[in-house]
Amino acid sequence: MLSQPGSTDLRPDMSTAELKQAIKSLDQFLQDNIFQSAINDTLNKRSQFFDTLLCQRWQSLGLDDRHISLNAVGGYGRQTLHPFSDIDICIIHDGELSANDGAKVSEFLTQLWDIGLDLGHAVRSLKDTFQACKDDVTIATSLLEIRHLYGNSDHQQQVLTALYGQDLWQSQAFFNAKLSEQQERHAKAQGTAFSIEPNLKTSPGGIRDIQTLTWVARKHFGVANMQSLRRFGFLTNDEYAELMECQNFLFRVRFALHQAAQRSENRLLLQYQAEVAKLMGFGDSVSIGESGSIAIEKMMRQLFRAMKRIGELNKILMAYFQREIIPELNPVIIAINDNFEIVDQYIHVRDETVFIDRTQIMALFEFIAIHHDKIIGITAETLRLLRQVRRRLMGDLQDFQRCREQFKAIFAHPEGMGLAITLMHQHGILASYLPQWREVVGQMQFDLFHAYTVDEHTHKVLKNIYAYSKNIKSLDKDLALAADIYQKMSNKSNLLFAALFHDLAKGRGGDHSELGAVDASMFAKFHGLKASQEALICWLVENHLLMSITSQRMDIYDPDVINTFAKKVGTLTRLDALYCLTIADIQATNDDLWNDWKASLLQDLYFITRKALRGGFENVLQIRTLVREHKQEALNLLNCDTDTTNDIKTLWKRLPIAFFSNAEADDIARYTQAMLQHNPVPTEDNQFNTLILLDDAIVKGCSDVFVYTKDRPGLFVKLFNTLAALRISVKQAQIARTKDGYVVESFKVLDFDEKPITSAQRRKQVLNKLHQVLDKGLALPKKRASRRHQSFDNHPTIEFLHSRKSTRSLVNVSALDTSDFMEQIASAFRLLELNIHSATISTVGERADNVFSLSNKEDKQLTAEEQQQLSVALVSSITG
């Protein structure tokens, strides 16, 4: 044990300033010497320091020690006091509190607040304390960890005696309350701790899971700590050591997190991970880039593994507790075979030696799929045996031919991706089967786009595809097409195997899609799949991003784009599987990523491509044919007389062909009618008299902003930034210039809630703001930079894409979604006198991914030299 410096010594006569300095010196001392002692010793030192401080303050006020007591509760009661944790105390008194003692208690609390302590406190009579415990299980739980500090020591024992008894809370009711709390916590975290920013306290496998075990054990068994549970046979020595090791690691991470955040924080946010890794001794970290940071990666992997182990041990112990506290007198037992049975809906091994035959491990999960309607989990004894056999494996489970057959059978079974695959993931069986899976367990993806680790993301993709097999009427309308396609597939396991491998090659360097396709090919051969199956699985893995990229970056209503995409896909079978995989992948990437707009784009791309594949590529509509059809349909909708029809055709002659190819017929009709009725003549207080339309119909899952005005420099950026200031996200933008100096711009947008703008009041607000900026020169407030973005490198990625139009160049610019990224990009375009014809903007996580259709000042494609000049200009403008 290290001796503390004199600056942390406490005296009863210290001033508030001196006490604050002593606290600061203590925390600095503990931080400097964090690796010189066990984390529990560090936390105990901090608790003991505050024990002394509080007792000195208490004594100085001369409170009645016979009738009042000062007690620590909660984390402070456990003596696990982290740097910015609340100091929870409970002041208990006999009978009524006298006015004199009440004033002194008030003075005591005021002194603690003046020192700057984050205090959680309760002042109650002993009778009221018992009643509060009875009324609120949270209060009862906190007082289970009551620790006497000063005054009447009988109060602590009286409270514990009451809580350990059955009058305030019966063991069964207390257990059920704690189990319900835990289930709600886990559900709120989507059932996983494997997210990019896990909560160290409340996520599955977090500190709260260990505390729940401790509370239940204290209440029912009257034990002081988890160590005492060994004598009851619930914990082996190895399991206890494992649980404490994992807890201590979480304690160290939380201690470092408090230091990094300089406040009470339990969520390991991206912005703190580099500093926490450094404080934990994993090494210095640079800003998070594409490959992340080795120090952060190592820390997070250890963290996820610790939380996974805690979660597994929690599940085992809670099952044992439930059986002990709420015994089932007449269990329902269903025999499966000589090795397995179902006991009260949990699958159970009938012989402890069953897993000596490794194929029985896979048989366990195959039976879970087969008997899915009778099984909700695995018994604690069976989980314990699984944990033991995992450690004894000398190779991979796939080394056994029979295991390979069982693995294929699980993926082929209609319920294989239900509970069976989830339990295989949770209990390390997928890692024991596939070496590629083992390599990505707990692997971070360093961006705000991917919300989960690689293994958890892949598990979610499989679960999303499994959802397609359910009743279509019970699914969201966006999934109805995918469900219909999936249910008609003759071999669904091809899609599932592709989903399994689509991201497993991440983190190895190189293109994970190409490397994953190689892994999938080896898997297919080793598992005896047909050559046609192997070809489809590998193609899907290698091209799993193709449909998403095409829909979000390209103009999917351009026949040339469809022609290129259809040729790449080649067959309807591939298209069907790719559509299902794409939706499942997007939805499993980030809970906020999927919306009606993306659903609409993908569905349109699917149907247009299917038509092309069925009719042959040569039947894809040519652009001029498409324009003729759109014009005729729009005229039919307008239903005008001859004079008006002539006016329309005169107007249309001024408009570029892109205006007709990029809009649907009903939009063309609506825009045309508005332009004919609009008077563009400027007035004294309105220089441009801009026409702005904002539709109130929910079409294709988004709203449409249409602008017709005199062309001028910076117009596109002003429009974009105004919408951004209104918290409206631009998904696509089309820009077309007339032959007489005007411009028509169309934006597909979503409101701040990722939904179309349906409120009349909100539409009015948007239109007013756009007119103020475009016509009256209103300056926009500067958008504040996000603190989260400060952790990321802002070096842009610039890629020139293939363009089938001889007069257009396509450039993809990916950069941080900062407050001025569009202005930075546009300034580079202006520098080289380039024309913007269209833009597709999609924000993915912390980055804005933009594809622009450009031409040079001669209205031609950019030359190789101009492309190089643009790349340099963009990097210079964005990086400053």
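Buried, in this tour, means under 20% relative accessible area, with exposed over 50% and partly exposed in between (1.4 Å probe, protein chains only). The model is predicted: local features need pLDDT of at least 70, side-chain atom pairs count only at pLDDT 80 or more, and totals for chains, interfaces and linings use all residues. Residues are numbered from 1 along each chain as its sequence is written, and side-chain values use heavy atoms, leaving out hydrogens and water.

**Stop 1: strand β12**

Select residues 742-750, strand β12. Helices (H or I, at least four residues) and strands (E, at least two) are DSSP runs, numbered from the N terminus. Nine of the nine residues of β12 are buried, so the strand is largely enclosed by the rest of the structure. Show the side chains: Tyr742, Val744, Ser746, Lys748 and Leu750 point one way, while Val743, Glu745, Phe747 and Val749 point the other way.

Strand β10 (residues 703-710) pairs with β12 in the antiparallel sense over eight bridges, and Thr709 stands opposite Val743. Strand β11 (residues 729-737) also runs antiparallel to β12, joined to it by eight bridges; here Val730 has Val749 as its bridge partner. Follow the β11-β12 hairpin through the four residues between its strands, and you will find Gly741 with a positive phi near 90 degrees.

**Stop 2: the four-stranded sheet**

Next, display the open sheet with the order β3-β2-β1-β4, whose pairing is mixed. Its edge strands are β3 (119-125) and β4 (147-151), each pairing on one side only. From one strand to the next, the twist averages 25 degrees. For angles like those that follow, axes are lines fitted to C-alpha atoms, for helices over the stretch in contact, and angles run from 0 to 180 degrees between N-to-C directions.

Zoom in on β1 (residues 68-72), which four bridges join to β4 in an antiparallel arrangement. Asn71 stands opposite His148 in β4. Then bring in helix α2 (residues 39-60), which packs on the sheet and touches β1, β2 (87-93) and β4; contact means heavy atoms within 4.5 Å. The direction of α2 makes about 25 degrees with that of β4. Helix α5 (residues 126-135) lies across β2 and β3, running at about 115 degrees to β3.

**Stop 3: the nonpolar cores**

A nonpolar core is a set of buried Ala, Val, Leu, Ile, Met, Phe, Trp, Tyr and Cys residues joined through side-chain atoms within 4.5 Å. Which residues have the most contacts inside the largest one? Select Leu54, Phe321 and Phe365, in a core of 192 residues. Helix α12 (residues 294-325) gives the most to this core, with 16 residues. Around Phe365, look for its contacts, including Ile378, Leu386, Ile410 and Met424. A second, separate core of 42 residues includes Val707, Leu723, Phe747 and Leu834.

**Stop 4: the HD span and helix α25**

UniProt lists residues 454-578 as "domain: HD" in an unreviewed entry; its positions are given in the numbering used here, feature names are shortened, and annotations may be inferred rather than shown by experiment. The span is 69% helix and 0% strand, with its end C-alpha atoms 20 Å apart.

Then select helix α25 (residues 559-569), where the buried residues include Pro559, Ile562, Phe565 and Val569. At the start of α25, a side-chain oxygen of Asp558 reaches to within 2.9 Å of the backbone nitrogen of Asp560. The helix is followed by Gly570, which has a positive phi near 90 degrees.

**Stop 5: single residues**

- Arg808 sits in the loop between β13 (797-801) and β14 (809-816) and is buried at 19% relative accessibility. Its side chain makes a polar contact with that of Asp859 at 3.3 Å; such a contact is a pair of N or O atoms within 3.5 Å, and within protein one must be able to donate a hydrogen and the other to accept it, with residues adjacent in sequence counting only if both atoms are side-chain atoms.
- Ala674, in helix α31 (residues 665-677), is buried at 15%. Ala674 touches Leu691 and Leu693, not counting residues up to four places away in sequence.
- Gln262 is not a glycine, yet its phi is positive, about 55 degrees. This residue is exposed, with a relative accessible area of 53%.
- Glu833 also has a positive phi, near 55 degrees, and is partly exposed at 47% relative accessibility.

Key. Pairing = 2+ DSSP bridges.
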